[in-house]
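Open the model in your viewer and keep the selection panel at hand. The stops below go from the whole chain to single side-chain pairs.

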Amino acid sequence: MDDNVERRALSLVVIFFRHLAGRYQRELSDLTGIDQKRISRYELGEVEPGRSTLERFARATRVSSERLDQLLALYRTICSEAEVDRLSGEPAAMEDPSESERREDLEEIAAEIAESLKPDFYESLLLLEANLAAAETPPLAPQAARELAAELWQRLLPLPNRIRLQAIEFDEYRNWAFCERLCGESFDAAASDPAKARSLADVALTIAENLPGSETSRHRLMAYALVHAAKADAGLGEIEEANEKMRQARELWRSGDDTDDLDAEHFATFLAADS
């Protein structure tokens, strides 16, 4: 295969992964740990990524090895056909596009393919989660449940909020530990981004409200989510809403049983700060 064709195909595959990760090289770098400048050199064709690097990009964006091979074949075909078209054009009949123009055209193709395939990749991920959730597993000890919740959060972290909301329909995410994890993420975001904090707390509250089990067993978890939503409301200047959520949280906490493994001390800190 022509070296130029292979170089362009590899650069486009990297561009494809960048668009799957978000849009910017920084986002792909954060996901993979590969230096942003190195990613830029891959995209410019200054350095060709090896198979292990491509596999690293693929794993970070939830792409299988089989799909990676299909993508490589696809982009090689696109670049090969583009090169044939360029070389077969009559100079007198058409203006030969510059290297940068050809590159912009191919990069646009890579971006469009990435965007069109995103829903399929996300849907596959959600189906995988559903299959995992279908397996019966015994209740986890509190520490193990929190560790699993942290792992689940890392899986959802690169996905859009719309996909996260779909994911929590599956039983694997509908548990006290993942709800608590979302509340922790909301707490961390409250000072710098109260809107994000409230969004996370709202998702946690949705999980709490739909938690399997008795109504009283849900009350304390709902209260836990409500105090975090109240903190976010206060950060947004919505004091009346925050006060109402704190009132509801106190009532729910008192009416719930104390057999859960929630961080009651953290909850009490919220109440003390609000007093």
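Helices here are DSSP runs of H or I with at least four residues, and strands are runs of E with at least two, numbered from the N terminus. On that basis the chain reads α-α-α-α-α-α-α-α-α-α-α-α-α along the sequence. This is a predicted model.

**Stop 1: the whole chain**

Show the cartoon. You have 13 helices and zero strands. Now colour by burial. Of the 275 residues, 42% are buried.

**Stop 2: the largest nonpolar core**

In soluble globular proteins, nonpolar side chains tend to be buried together. Select Tyr173, Phe178, Leu182 and Leu221. These have the most contacts inside the largest nonpolar core, a set of 36 residues. Next, show the helices that give two or more residues to this core: α7 (142-156), α9 (176-189), α10 (194-209), α11 (215-235) and α12 (239-255). Which helix gives the largest share? That is α11, with eight residues.

Zoom in on Phe178. Hide its neighbours within four places in sequence. What remains in contact with Phe178 is Ala149, Leu152, Trp153, Leu156, Ile168, Tyr173 and Ile207.

Then move to the other core. It is separate, has 26 residues, and includes Val5, Phe57, Leu68 and Leu71.

**Stop 3: a loop residue**

Select Thr61, in the loop between α4 (51-60) and α5 (65-88). Is Thr61 buried or exposed? Its relative accessible area is 10%, so Thr61 counts as buried, the cut-off being under 20%. Display its contacts beyond four places in sequence: Phe17, Leu20, Ala21 and Leu31.

**Stop 4: salt bridges**

Side chains of opposite charge can pair when their charged atoms come close. With a cut-off of 4 Å from a Lys or Arg side-chain nitrogen to an Asp or Glu carboxyl oxygen, the count comes to twelve salt bridges.

Begin with Arg41 and Glu46. Their side chains meet at 3.4 Å, N to O. Arg41 is partly exposed, at 37% relative accessible area.

Go on to Arg51 and Asp69, a salt bridge at 2.7 Å, N to O. This pair links distant parts of the chain: Arg51 sits in helix α4 and Asp69 in helix α5, 18 residues apart. Arg51 is partly exposed at 37%. Asp69 is partly exposed at 40%.

Now select Arg146 and Glu180, whose side chains form a salt bridge at 2.6 Å, N to O. Arg146 belongs to helix α7 and Glu180 to helix α9, so the pair ties together parts that are 34 residues apart in sequence. Arg146, at 27%, is partly exposed.

Finish with Arg198, Asp233, Glu238 and Lys245. Select the four together: salt bridges with shared partners join them into one network.

Conventions: Residues numbered from 1 in each chain as written. Predicted model: local features only at pLDDT ≥ 70, side-chain atom pairs only at ≥ 80, totals over all residues. Heavy atoms only, no water. Core = buried A, V, L, I, M, F, W, Y, C linked by side-chain atoms within 4.5 Å. Buried < 20%, exposed > 50% of the residue type's maximum accessible area, 1.4 Å probe, protein only. Contact = heavy atoms within 4.5 Å.
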